[in-house]
Amino acid sequence: MKNKMISALLATAMVASMITVPVLASEGETEAAASVDLSNVEAKEAYHFEIVSKGFQHQYWQAVLKGAQEEADRLGVTMNFVGPNSESDIADQVQMLNSAINAKPAAIGLAALSTDACNDALQQAKDAGIPIVGFDSGVPGAPEGSVVANAATDNYAAGELAAEKTYEVLKDRIAAAEGSVRIGVMGQDATSESIVNRGLGFIDKIAELATADGHTVTVEGNDKYVQDSKVEATDDAKVIIDVAVPSQVTAELSATDCQTLLNKEDTICIYGSNQHSGEAMVTGNENLQKLGSGEDQVLGVTFDSGTVIKEAVKNGTLYGAITQAPVAMGAAVIDLLTMAANGEEVGDVDTGCQWYTADNMEDPEIAQNLYD
Amino acid sequence: MADKKKGNAFTNNPLVKAVGTQKIVVLLVIIVLFAFFSIMSSGFRKYPTIVSIFDYSYYISFMAIGVTFCLITGGVDLSIGTGMICYALFGGYLITRQGMPVIVGILGTLLLGLLMGCINGVLVAVLELPPFIATLGTMMVARGFGSIITGGMSVTWPAASSEQGWFRMLFKINKPGLLLPVGFIWVVIFVILMSLFLNKTRPGRYIIAIGSNKEATRLSGVNVVKYQALAYIISGVFAGIAGIAYAAVFSSSIAPGTGAGLELDAIAGAIIGGTSMTGGCGSIFGTLLGVFVMSMLKSGLPYIGLQANWQQIITGLILILAVFIDVIKNRKLA
């Protein structure tokens, strides 16, 4: 019963997110939603902001910090940018949020690690009249009126973009295949909003494109993804989407998941929905040597960057990847915080994402969002 | 080890007596698991898959060899999981951020492991803190320290294709047409060395004696502080070796704040292999077998299409079963 309610809610949320999915630009980017104009923000005073991030474990956060710092300097505002030691230190982050509220800043930026652990603190901030701007991932269950805007990648749309780019290559291969073909999806977990939406966006889009070409599609593997995807499970489908989620987030288990997929005879593609999964694909492939863009190889597509993934894209092990735009995200957070402090109307901003392959990863526009 | 009293045809067999009942059982379990997964999945029974099972077991094997010594003294070392990551972060930091040669990174990794082992040794043997609490503390320290060293950022050891990537060849040779799990040679060498050390040398026998009866050992004139500390130092050094194996086998970046829980895989391996949580008995060879049971499960269960939660349940049940065998064995002896 509870499960059904949750899936009903999620389905509703998904439909809602579909409506707001931005139009895809032709060169492989999702464009920032135009609901809020960030182009001529000015600070009315020299505000001070507190920003609580998810920590600095990944270079991604350094890029967010860079974007935020540059924009803060430009606008003449100051900020205190903090984050916990690791992305599992939820309690530490709540503590940091409490300290941020006590510092009485003009506004607070928050990239919540847990969607509900921060609720009490958010209520306090609201009572104290401090507006909160969410970033990186939203805070869906926040007390009403506490979070005034979010600056985040639309992960579902990003997953769809990956699917479109992947399908361009797979289209003919699927049509030419005699039996069934398998597309693996590797998710680090089935709980975090961003990972799940990247997976579902990819699954739903692949299914949509394949169905439009007259193929039957089914999803199997992890229950959560199977239930929440829009695909009806069927027997004897032409395209099988196979979702693997490890029991713990370790390099070993994810690499094993990748090998399991690579070892299935009908696998033609694997998609990993974050840096962890992408790196596990590289590790898992080392002994098997099956990833590549050749006709008889398995196409590897992933998310984010980092030394390992960049190298793998460059040398052709991975065909391509989606990168978010952390620099733009950092700037957008400062813009939204400033507008909120000015008392202006604010709303959610999709900070966009880009598709990169060996061919375009040197472009300055993309290179600035690829981190080590 | 245990079956001196009466026993049946199986336990009276000289070979079984020499190797130990539990080890024979565990070996059979490994063979059965391997046969089962091989029959169920054509992907599992391929050479590269089997090499991968070896590859991914090295770091757990090294941690498990080390922690077996602590378990035999009746203690435990919980700091090895986060510690291993912390040492590998330190080594990787020296190489990638300080531009030092790989060999310096490797030595740094080992030294930090040694240092942490010494700290654990002092806390447990000299200051007489309960091992569970002392190493729980150092487990947290290692976790935080890893983050501090790298400024909270993840570290990637040099890739196999780069000039500095030679150290990866110590654990796996992976060239076109040639794929060898050479790291297993190191594991076997260390298992043999540490088995000999444990069973044939005086310090090794003292470590066992401390686990059986610390007071009696002390009264017979053995410096129990020294030998108890030694167990933790060994554990620390092996966590350092595990860190190097981990960095060499996985291409993935090493993230600070991770590693918690890996120590439990190593401890579980030792327990399944017949080391008793109450101390006084254990074997390094058994530990290696125990680790392979865990590795076989971790690699095999995804191949038969079992979802994540079921993998954990089955691994948990096997651990309980192993401890249960241990309990029954002790009851028979008593």
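Tutor: Let's start with a word we'll need: a contact means heavy atoms within 4.5 Å. Keep in mind that this is a predicted model. Now take the contacts in chain B between residues at least 6 apart in sequence: 74% of them join residues at least 24 apart.

What is chain B built from? You'll find 14 helices and two strands there. Its radius of gyration is 20 Å, close to the 20 Å that the globule rule gives for 334 residues, so chain B is as compact as a globular protein of that length. The C-alpha trace spans about 60 × 55 × 35 Å along its principal axes. Of the 334 residues in chain B, 55% are buried. As for the accessible surface, it comes to about 14,000 Å², and 72% of that belongs to carbon and sulfur atoms.

Now zoom in on the rings. Over all chains, the structure holds 24 aromatic pairs. In chain B, ring pairs link B:F34, B:F36, B:F37, B:F44 and B:Y303 into a cluster. Within that group, both B:F44 and B:Y303 are buried. B:F44 sits in the loop between α3 (21-40) and α4 (47-72), while B:Y303 belongs to helix α13 (residues 284-303), so this pair ties together parts of chain B that are 259 residues apart in sequence. How do the two rings meet? The centres of B:F44 and B:Y303 are 5.6 Å apart and their planes stand at 75 degrees, so the pair is edge-to-face.

Notes
Residues are numbered from 1 along each chain as its sequence is written. Chains are lettered from A and ligands numbered from 1 in the order in which they are written. This is a predicted model: local features need pLDDT of at least 70, side-chain atom pairs count only at pLDDT 80 or more; totals for chains, interfaces and linings use all residues. Side-chain values use heavy atoms; hydrogens and water are left out. Helices (H or I, at least four residues) and strands (E, at least two) are DSSP runs, numbered from the N terminus. The radius of gyration is taken over C-alpha atoms; the globule rule is 2.2 Å times the number of residues to the power 0.38. Buried means under 20% relative accessible area, exposed over 50%, partly exposed in between (1.4 Å probe, protein chains only). Accessible areas come from the Shrake-Rupley method with a 1.4 Å probe; for residues, only the protein chains shown count as cover. Rings of Phe, Tyr and Trp (its six-membered ring) pair if their centres lie within 6.5 Å; planes under 30 degrees apart count as stacked, over 60 as edge-to-face and the rest as tilted.
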